[in-house]
Amino acid sequence: MSDAPRSDDEHADPVHTDAATAWWRNAVIYQVYVRSFADGNGDGVGDLAGVRAKLPYLADLGVDALWFNPWYASPLADAGYDVADYRAIDPRFGTLAEAEALIGEAHRLGLRIIVDIVPNHSSDQHEWFLEALAAGPGAEARELFWFRPGRGENGELPPNNWKSVFGGDAWTRTDNPDGTPGEWYLHLFASEQPDLNWENPKVREDFEDVLRFWFDRGVDGVRIDSATMPAKDAGLPDFDEAAPPFPHPFVDRDEVHDIYRAWRAVADSYPDPRALIGEVWLDQPERLAAYLRPDEMHTAFNFDYLNCAWDADDLRRVITATLAAHAPVDAPATWVLSNHDVTRHVSRYGREDSSFGNNGRQYHVATDLDLGTQRARAATLLSLALPGSAYLYQGEELGLWEVDDIPDALRDDPYFHRTDGEVLGRDGCRVPLPWSGSEAPFGFSPDGATAAPWLPQPAAWAALTAEAEDGVAGSTLELYRTALRIRRAQPALGDGTLEWLDSPAGTLVFRRGEDLVCAVNLTGQSVSIAVPGELLLSSGGEVDGAGWSGELTAESAVWLRTSR
Ligand code: NOJ
């Protein structure tokens, strides 16, 4: 395998021709969870060969970029967010040469590539961590992580009271090289994910080199995992759950911004713009915007929007607050409804409580999938009409729902295992995609595959395969294709501003540019919308081409061409 980056032929690479474009301001970015996207070699696990075969499907869908969840060498203790080698592809997914080929092929189809970088922690199988364990207490190798002696008479208690996001203590005790009980190490997620010490210059230098490694291979941007967490209070003080201290000992500390300023300098050192996109999971839009100052990241995920219930007033408040917080830093807002960590929005919107909360995940609750689907389709037209860029999570274009009934024995998420099954976890949104055919594996794996898909697919997904929806008027896949085609052709959509128009209770109506209006009815009855115009697209009952009557059916959205 060559270590030298493959240089793509500039002329065959349409995404790298216009160096002046800040493409992330408008982009629709499709999230590829490789493990569940498409299986090329028949082992039941998605891989790069599977993705390469589907690149024409993605180009045809009309998205601008693909974000890959971690594809690096990993024991997959947290689905690849436990990285053993940031410069190698996991052999279950393929090889570095295949990744390079994929980047070139995607570029030729006009698709940009974003990779996931995980700075907060590595895998316990990363060579640094193995060296640190072998070296023993006091060794320099331990300074790349957070090793500390325990509290209590014999060091038998964790060094502080921090808890893992996935449940249990955030500390695991090690054995000394001679087998006696030794120091503890910090892991804010699973014990297989030791936190890196960003006060150490070697950590900083190495990650900047990792960025260059991927940018040199043509990668167009990085999604920064758990971006608020890498900086810690080195005193490691106890955390007061009842009265959280500020600054927080490990979330959203001022020092974390130094990391991203240095990364921005790396991104800016390339002639064609490389994007920094943060997973900034904060519920104050102003704090989020601090990550988007001109010398830091370009964009960040908008979790307030994702978390919001299907409610016109709440959504209008979130949208307005988002835009207000982004304006002063001149960063584009982003709009996202689903990803690999949250309940798919078809299911969320079909429930009495349609909001999402990381700590209030709902399982086995009454879910009206027809209603959820109607709302999800309307929400898609809403998201794609809002100013800025948008994220789609694989399978939402097919209308997939959350799978609740995965047998416990097959559940993989550390959330499930670290909480003894109290939290069922995120496997339900990670079920392999249905591509074709009438029964599992629905074309996810090739004919003659040696293994079943790594998570079982619902039989009812036969109606939601890409093949079943292809070319079918009114299917969710065709709705997405048409919406993305119109969005590309309409200069009013994407980056810019919006103007709210007066509208009846339970609706959202806004204008983009001079001549485009998006109207959303979040109620269970049809509503008259006093905006004349030509119907461009409808998520609901209206037949395209039938004209705009001014009546918006229940739980639906339209895009109208109109004049002031
Ligand atoms: C956020 C990622 O999105 C999630 O999947 C992962 O478990 C945690 N970070 C830890 O890396």
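This is a predicted model: local features need pLDDT of at least 70, side-chain atom pairs count only at pLDDT 80 or more; totals for chains, interfaces and linings use all residues.
Residues are numbered from 1 along each chain as its sequence is written, and side-chain values rest on heavy atoms, with hydrogens and water left out. Local features require pLDDT of at least 70 and side-chain atom pairs pLDDT 80 or more, whereas totals for chains, interfaces and linings use all residues.

An unreviewed UniProt entry annotates residues 31-430 as "domain: Glycosyl hydrolase family 13 catalytic", an annotation that may be inferred rather than shown by experiment. The end C-alpha atoms of this span lie 12 Å apart, and 29% of the span is helix and 12% strand (DSSP runs of H or I, at least four residues, and of E, at least two, numbered from the N terminus).

Helix 13, residues 476-489, reaches 20 Å from its first C-alpha to its last, close to the 20 Å expected (1.5 Å times one less than its number of residues). Of its 14 residues, 11 are buried, among them Y480 and R487.

Strand 18, residues 534-538, is largely enclosed by the rest of the structure, because 4 of its 5 residues are buried. Strand 18 pairs with strand 20 in the antiparallel sense over 4 bridges (pairing requires at least two DSSP bridges), and E534 has R561 in strand 20 as its bridge partner.

Notes:
Buried means under 20% relative accessible area, exposed over 50%, partly exposed in between (1.4 Å probe, protein chains only).
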